[in-house]
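Here are a few notes to go with the structure, jotted down while clicking through it. Have the viewer open as you read.

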Amino acid sequence: MELIDIKKIDTSPFQHRKHMSPDKLRELAESIMREGLIEPVVLRRCNGRFQLICGERRLRAVREYTDIKSILSRVIKANDLEARRMCAAENLQRENLSVIETIETIVDLVDSGLCGDELYDNMGASAILRVKNLLSKLDSIRSSMERGSKLSDANMLFHKFMEQVENIFNNLPKPLKWRSFYENDLSVLLDTSEDVLVTAIDHNLNRSQVKALEGLKRASFDEFKRVTGKGQGSSASVGELSANEIKGITEKAIKRMRLAPPSEMASAVLSKDIACLKMGMLGIPVERIASLLDLNRKTVMNHIQKGEI
């Protein structure tokens, strides 16, 4: 253990906790001032400085709400993959992670546990795509096996990864069935736009609320901004709305659109045209753009190609 100057410590690039309550951080800082730091933060040396692996809340509390200049630390040797695993494992042990942060952390834990295998690494360009594609294949193979089918190549892939995947999910702080995660949780990340994800983290929304809010955004972006506190006449109480209440707002917005003048309808169509172009320029896959905007793949491709021309 050693005392490290907090100015020499960089935050972790693998941290999924995007929202930390200032009030809770202040309470933690007061506790540290009274009783000292009971559990040291974990660091690694990186580019002549120290990089945080575990202890984001403790470091922020000390840095932002105390005059303490150095923090008790355990400095270890860890590569990027090991640092990712440790950061994800520590986050999952915390009780105040939002649903979205929990799903993202499990994705990172699975990905960091399997990275390095050539077959797995080629399953996608990002962690979420690799995990999604692997679990999709395993789910398909498991379903085929349950029907009595025998596929030699598929069986090889199944036996190569199944034990590792089940071990990861069984050893979570709250054990979870991987098929349940694939069917109920992963889709929340894949089918939800970035601004809804951010809102979900800020307001600690559950899965049903997230899905309902995404539906509202697709139906009426103006109404979405109002409900989330970002537009005219806004009300920033989205966390107090149930999924059914959000769905009710969505239904009313759809009814108003059906009664809107043709010029307003044309404006809504145009906004999807522009949205397709913007997302295409950002490199977002066509399939995901189609899902997010509730369009078919061919329409999305047409919008993107017209914009390029």
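This is a predicted model: local features need pLDDT of at least 70, side-chain atom pairs count only at pLDDT 80 or more; totals for chains, interfaces and linings use all residues.

1. Asp 185 is buried: its relative accessible area is 4%, which falls under the 20% cut-off. You'll find Asp 185 in helix α8.

2. What does the side chain of Asp 185 team up with? It makes a polar contact of 2.3 Å with the side chain of Arg 207. Leaving aside residues up to four places away in sequence, Asp 185 touches Ile 103, Leu 176, Ser 180 and Arg 207.

3. On to the rings. A pair of aromatic rings is described by the distance of the centres and the angle of the planes. Searching the whole structure turns up three aromatic pairs. One of them is Tyr 120 with Phe 161: the centres are 6.4 Å apart and the planes sit at 55°, so this pair counts as tilted. Distant parts of the chain are linked here, as Tyr 120 is in helix α5 (residues 118-121) and Phe 161 in helix α7 (residues 152-170), 41 residues apart. Both Tyr 120 and Phe 161 are buried.

4. Phe 169 belongs to helix α7 and Phe 181 to helix α8 (residues 178-190), so the pair ties together parts 12 residues apart in sequence.

Definitions and conventions. Residues are numbered from 1 along each chain as its sequence is written. Side-chain values use heavy atoms; hydrogens and water are left out. Rings of Phe, Tyr and Trp (its six-membered ring) pair if their centres lie within 6.5 Å; planes under 30 degrees apart count as stacked, over 60 as edge-to-face and the rest as tilted. Helices (H or I, at least four residues) and strands (E, at least two) are DSSP runs, numbered from the N terminus. Buried means under 20% relative accessible area, exposed over 50%, partly exposed in between (1.4 Å probe, protein chains only). A polar contact is a pair of N or O atoms within 3.5 Å; within protein, one must be able to donate a hydrogen and the other to accept it, and residues adjacent in sequence count only if both atoms are side-chain atoms. Contact means heavy atoms within 4.5 Å.
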